[in-house]
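Biologist: Please show me the model. I would like to know what stands behind each term you apply to it.

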Amino acid sequence: MKYCIYQMEIVFGNPKENRKKVAGWIKQTVNEEKPDTIVLPEMWTTAYAFDDLENLADDNGEPTIAFLQDMASTYHINIVGGSFANQKDNEIYNSSVVIDRNGDVIHQYDKLHLVPMLDEHLYLTGGKNKATVFHLDGVKMGIIICYDLRFPELLRKLALEGAQVVHIVAEWPAARRDHWEILQQARAIENQMYIISSNVVGNYNHVDFAGTSMVIDPWGEVIIKGSRTKEEIIRATLKLDKVVDIRKEVPVFSSRVPDYY
Ligand SMILES: NC(=O)CCC(=O)C(=O)O
């Protein structure tokens, strides 16, 4: 499964421009790279434009979901659609969506852990549904959003449900870049899974974002890592046999004794 990840610089508070930018990026990437799956970052339609989110947020996933469905079916690619501000029942969530090559929505998730260091909890509402796995091209996978990375129990739950790949869509600041890299490697090693992340670059609201989007294999090796500051494509092809082999070699899951924890 070939991935192309968009390490994007978001146009702050401008969903129309960002959709145009993403449409152009997808068209060019599909023509040049022929990926199976593409990944977008967190809050890519607006960034954390909190002061105007009520006007900028999607309404029950629209128009972003329809836009991504159109991209997926036109170019016949799977889209791990990052996340976007999404108004539902008068609350705004940080919502992600996964769409398959047919243009079908196969998974939705609202960010569970809102990040206090960026004041997210003052403007958005935390997700109210459980995180679960989904199937893409026959592989069990999961998606989490940025600060969720700090909660190992969330990724362990996805691993116990069979996830072999977890995507992390993010808007992670440069100030905590070490945590970003080390925690992703730790989650890959402890859960013996691929970690695929898409982070943003640039500076919004006086926060400098870390780039450094990554693909990490189930042994914890960094297959590829984006730059700190440049907008770019991160490419990787997953070898899913590795997950099975490593889980046999170091049988963490069968060694667990959860009754004693
Ligand atoms: N957008 C985020 O959730 C950022 C998370 C973060 O800054 C951190 O965990 O540190």
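Biologist: How many bridges join β13 to β14, and do they run parallel or antiparallel?

Modeller: Three bridges join these strands, β13 and β14, and they run antiparallel. Two strands count as paired if DSSP finds at least two bridges between them, so three bridges make β13 and β14 a pair. Val 215 has Ile 224 in β14 as its bridge partner. The two strands form a hairpin with five residues between them, and Gly 220 in the turn has a positive phi of about 100°.

Biologist: What kind of model is this, and how are residues numbered?

Modeller: The model is predicted: local features need pLDDT of at least 70 and side-chain atom pairs count only at pLDDT 80 or more, while totals for chains, interfaces and linings use all residues. Residues are numbered from 1 along each chain as its sequence is written.

Biologist: How many helices and strands are there in the chain?

Modeller: Eight helices and 15 strands. Helices (H or I, at least four residues) and strands (E, at least two) are DSSP runs, numbered from the N terminus.

Biologist: Why is the chain called as compact as a globular protein of its length?

Modeller: Its radius of gyration is 17 Å, close to the 18 Å that the globule rule gives for 261 residues, so the description holds. The radius is taken over C-alpha atoms, and the rule is 2.2 Å times the number of residues to the power 0.38. Along its principal axes the C-alpha trace spans about 50 × 40 × 35 Å.

Biologist: Which strands make up the open sheet of six, and what makes two of them edge strands?

Modeller: The order is β7-β8-β9-β10-β13-β14, with mixed pairing. β7 (134–136) and β14 (222–225) are the edge strands, as each pairs on one side only. Within the sheet, β9 (residues 165–169) and β10 run parallel, joined by five bridges, with His 167 opposite Ile 196. β10 (residues 194–198) and β13 (residues 214–216) pair in the antiparallel sense over two bridges, and Ile 195 stands opposite Ile 216.

Biologist: What makes β10 mostly covered?

Modeller: Five of its five residues are buried. A residue is buried if 20 or more other C-beta atoms lie within 10 Å of its own, exposed if 12 or fewer, and partly exposed in between, with C-beta atoms placed from the backbone. In a regular strand the side chains alternate between the two faces of the sheet. In β10, Tyr 194, Ile 196 and Ser 198 point one way and Ile 195 and Ser 197 the other, and all are buried.

Biologist: Why is Gln 69 called partly exposed?

Modeller: Gln 69 has 19 other C-beta atoms within 10 Å, and buried would need 20 or more while exposed would need 12 or fewer, so partly exposed is the term. Gln 69 lies in helix α3 (residues 64–75). Leaving aside neighbours within four places in sequence, Gln 69 is in contact (C-beta atoms, placed from the backbone, within 7 Å) with Ile 99, Gly 103 and Val 105.

Biologist: Where is Gly 103?

Modeller: Gly 103 is in the turn of the β5 and β6 hairpin, which has five residues between its strands, and takes a positive phi of about 90°. β5 and β6 (residues 105–110) pair in the antiparallel sense over five bridges, with Ser 95 opposite Asp 110.

Methods: Two residues are in contact if their C-beta atoms, placed from the backbone, lie within 7 Å.
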